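Visitor: I'd like to learn how to read a few features off a model like this one. Could you walk me through them?

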Amino acid sequence: MSITGVIGAAVKAATVLLGVGIGKITIIPVLIAMLAYFNYDLMDPENHPHVTKELRKEYDFVVIGGGSAGSVMVNRLTENPEWNVLLLEAGGHETEITDVPILSLYLHKSKIDWSYRTEPQDSACQAMVDHRCCWTRGKVLGGSSVLNTMLYIRGNRRDYDQWESYGNPGWGYEDVLPYFKKSQDQRNPYLARNTRYHNTGGYLTVQDSPYLTPLGAAFLQAGEEMGYDILDVNGEQQTGFAFFQLTMRRGTRCSTAKAFIRPIQLRKNFHLSLWSHVTRVLIDPLSRKAYGVEFIRNGRKEIVYAKKEVILSAGSVNTPVLLMLSGVGPRAHLEDLGIPVIQDSPGVGQNVQDHIAVGGLVFLIDYEISIVLDRMVNINTALRYAITEDGPLTSSVGLESVGFISTKYANQSDDWPDIEFMLTSSSTSSDGGTHVRNAHGLSDEFYHEVFSKINNHDVFGVFPMLLRPKSRGYIRLKSKNPLDYPLIYHNYLTHPEDVETLREGVKAAIAFGQTSSMRRFGSRFHDKPLPNCKHIPLYTDEYWNCAIRQYTMTIYHMSCSAKMGPSSDPMAVVDPELKVYGITGLRVIDASIMPTITSGNINAPVIMIGEKGADMVKARWT
């Protein structure tokens with residue numbers, strides 16, 4: 001590394017530490033280093049893409065939302081030099097803090113988070129402030145791929161075959177697999193050899209974690225002890241255990257902005273407008289054609305026109321919101337708000353699905369090996385991270401291994417598990433009750449009663465996640481003011497089968513912590529009774545039914561709010577080519593179009609949707 005590179009790395013480390021309130025460095029050396037780093041940064045081929053100051057009046061394509069799908073869209077559409085493409089993003093650029101894997105929870109409720117909260121409901125999130133769940137969504141170039149934990153999970157082949165069976169030809173597993181592979185640059189040489197399921201050379205770097213504690217391998221051994229295989233969960237079989245793979249590059253986050261947008265920033269047919277809050281899609285009420293986009297930039301309302309198509313990739317909350325603001329949605333709701341109805345589409349904002357897990361299943365251990373933030377984040381680890389690109393700061397908040405298991409409610413002979421174990425060398429209390437508690441929205445009273453006595457102790461956590469929830473939420477506009485946040489009703493655990501399956505997942509998690517593989521570390525369950533459930537005999541089905549409604553943790557996989565389906569389905573918002581029913585020149589290409597949520601973390605499927613959607617647009621206009 002050159003001298004400017006070393007200085008730059010030092011500044012990067014200092015920025016990390018200062019950004020999270022750790023360390024004091026005198027101002028003059030920092031300013032000198034920053035000046036040197038500024039010159040180095042100008043030559044960085046992966047620098048932030050430039051924002052276009054003077055926009056054209058008209059583009060071939062206008063893409064709304066620079067998240068996981070929108071980033072892919074602009075990359076693939078600008079491959080054709082004949083087309084000019086504008087990307088509108090409400091947020092700004094990534095920062096040095098967003099690059100550091102261990103700090104992802106510090107980004108929640110920051111300026112790059114939309115900071116949505118659901119409406120209070122009795123069915124879940126009872127341990128949260130005001131009984132409202134926190135829905136973190138990325139308000140930044142790269143979208144939620146800038147705030148997530150970078151887990152690369154494709155889901156189960158049966159998910160996609162089921163989509164196809166609903167009347168969506170071309171969306172079966174064998175149809176979508178090439179699009180997963182198209183994006184991928186698989187850095188694990190063993191997996192890369194399996195070209196049936198993996199690929200190298202794509203824009204998106206996928207790799208193993210550079211840093212694991214001794215707990216990571218023990219998690220796999222415990223899975224074997226429970227009768228499961230160790231395998232590639234993105235390969236032929238999903239049921240089993242594996243180390244997590246991450247969208248990471250050289251020890252830092254590989255967001256979709258870094259993967260798909262930075263490499264194309266010099267394409268002359270690509271324009272980027274950040275800090276641009278879209279207020280509606282312009283649709284001609286007579287021809288029902290989308291012809292432009294209205295947005296607010298620098299405090300002024302602006303309009304750009306689209307010659308070919310408007311692509312709505314604003315995410316599972318903002319996409320249905322923008323459709324409704326534009327006159328596409330449930331007629332009665334829009335009329336109540338005084339929004340002229342262009343297309344009565346009752347499915348907009350309905351069918352909302354998300355993955356939830358039970359938080360707070362903590363196991364204390366006797367060895368100083370887990371991810372305790374006070375011990376892991378310091379000047380030495382920051383310098384190691386900045387210069388050698390490894391060490392504890394490359395840990396994705398302790399997420400090390402994953403297990404896909406089947407409860408008694410799943411078909412045991414079928415490879416379609418119903419619970420995912422997210423296995424961590426940390427837990428809620430690993431930062432002393434600061435950022436994790438705040439990110440999850442836990443009330444002070446709940447946190448202090450349940451966790452305060454184990455602050456900063458060595459622990460591991462098991463987060464059992466419900467893979468295919470049957471409960472369905474919905475999103476509605478609060479008003480016709482595009483700056484008002486929507487009303488979000490999660491409806492978690494309103495379907496009794498979700499309660500039963502998640503309860504069995506909790507029981508399996510407790511059994512996991514009692515395996516001999518984990519007992520070697522002195523594993524013992526932190527059995528503090530939960531405040532609202534103390535009146536129920538401990539560890540009965542009734543107790544767990546109560547417990548899962550307390551620390552109900554979203555895994556931030558909101559989806560399915562503008563679902564894809566055949567024209568015979570009255571609740572379908574888009575057709576199998578992702579065109580909005582009743583409107584020409586408008587497509588939805590993001591997590592909203594999923595008919596049902598996939599069995600696993602959804603960032604990889606959303607990137608796949610972007611890849612497949614881009615090919616559909618190209619096929620229409622080539």
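Visitor: Let's start with charged pairs. Which residue's side chain meets that of E389 in a salt bridge?

Guide: The general idea comes first: side chains of opposite charge can pair when their charged atoms come close. Bear in mind that we're looking at a predicted model. Here E389 pairs with R250, at 4.0 Å from N to O. The two belong to distant parts of the chain, 139 residues apart: E389 is in the loop between α13 (379–388) and β19, and R250 is in the loop between β9 (248–249) and β10 (252–253).

Visitor: Which residue forms a salt bridge with D390?

Guide: That's R384, with 3.0 Å from N to O. D390 is partly exposed because its relative accessible area is 25%, and R384 is partly exposed at 39%.

Visitor: What about R158: which residue is its salt-bridge partner?

Guide: D414, and the closest N and O atoms are 2.8 Å apart. This pair also bridges distant parts of the chain, with R158 in helix α5 and D414 in the loop between β19 (399–405) and β20 (419–424), 256 residues apart. R158 is partly exposed at 24% relative accessible area, and D414 is partly exposed at 25%.

Visitor: How many salt bridges does the count come to?

Guide: The count is 34. Some of them join up: R76, E79, E611 and K618 are linked in a network of salt bridges.

Visitor: You mentioned α5. Which residues of that helix are buried?

Guide: To read a helix, keep its repeat in mind: an α-helix has 3.6 residues a turn, so residues three or four places apart point the same way. In α5 (residues 157–165), the buried ones are D159, Y160 and W163. They sit on the same side of α5, because they cover an arc of only 90° around the axis. That buried set packs against α6 (173–183) and α19 (603–621).

Visitor: And which residues are buried in helix α15?

Guide: In α15 (residues 444–451) look for F446, Y447, V450 and F451. Their arc around the axis is only 95°, so they too lie on the same side of their helix. Their cover includes β18 (362–364) and α14 (435–440).

Visitor: Where does V140 lie?

Guide: In the loop between β4 (134–135) and α5. V140 is buried because its relative accessible area is 0%.

Visitor: Which residues does UniProt list for the "Glucose-methanol-choline oxidoreductase N-terminal" domain?

Guide: The unreviewed entry gives 138–161 and 315–329. For segments like these, look at the secondary structure and the end-to-end distance. Residues 138–161 are 21% helix and 0% strand, with end C-alpha atoms 30 Å apart. Residues 315–329 are 73% helix and 13% strand, with their end C-alpha atoms 16 Å apart.

Visitor: Last one, the surface. Which residues form a nonpolar patch there?

Guide: Y291, I303 and Y305, with about 250 Å² of accessible area together. Of these, Y291 is placed in strand β13 (residues 290–297), and counts as partly exposed because its relative accessibility is 35%.

Notes: Residues are numbered from 1 along each chain as its sequence is written. This is a predicted model: local features need pLDDT of at least 70, side-chain atom pairs count only at pLDDT 80 or more; totals for chains, interfaces and linings use all residues. Side-chain values use heavy atoms; hydrogens and water are left out. UniProt positions are given in the numbering used here, feature names are shortened, and annotations may be inferred rather than shown by experiment. Helices (H or I, at least four residues) and strands (E, at least two) are DSSP runs, numbered from the N terminus. Patches are made of residues with over 30% relative accessible area and no salt bridge: like charges are joined within 9 Å, nonpolar side chains (Val, Leu, Ile, Met, Phe, Trp, Tyr) within 5 Å. Accessible areas come from the Shrake-Rupley method with a 1.4 Å probe; for residues, only the protein chains shown count as cover. Buried means under 20% relative accessible area, exposed over 50%, partly exposed in between (1.4 Å probe, protein chains only). The arc is that of the directions from the helix axis to the C-beta atoms. Contact means heavy atoms within 4.5 Å.
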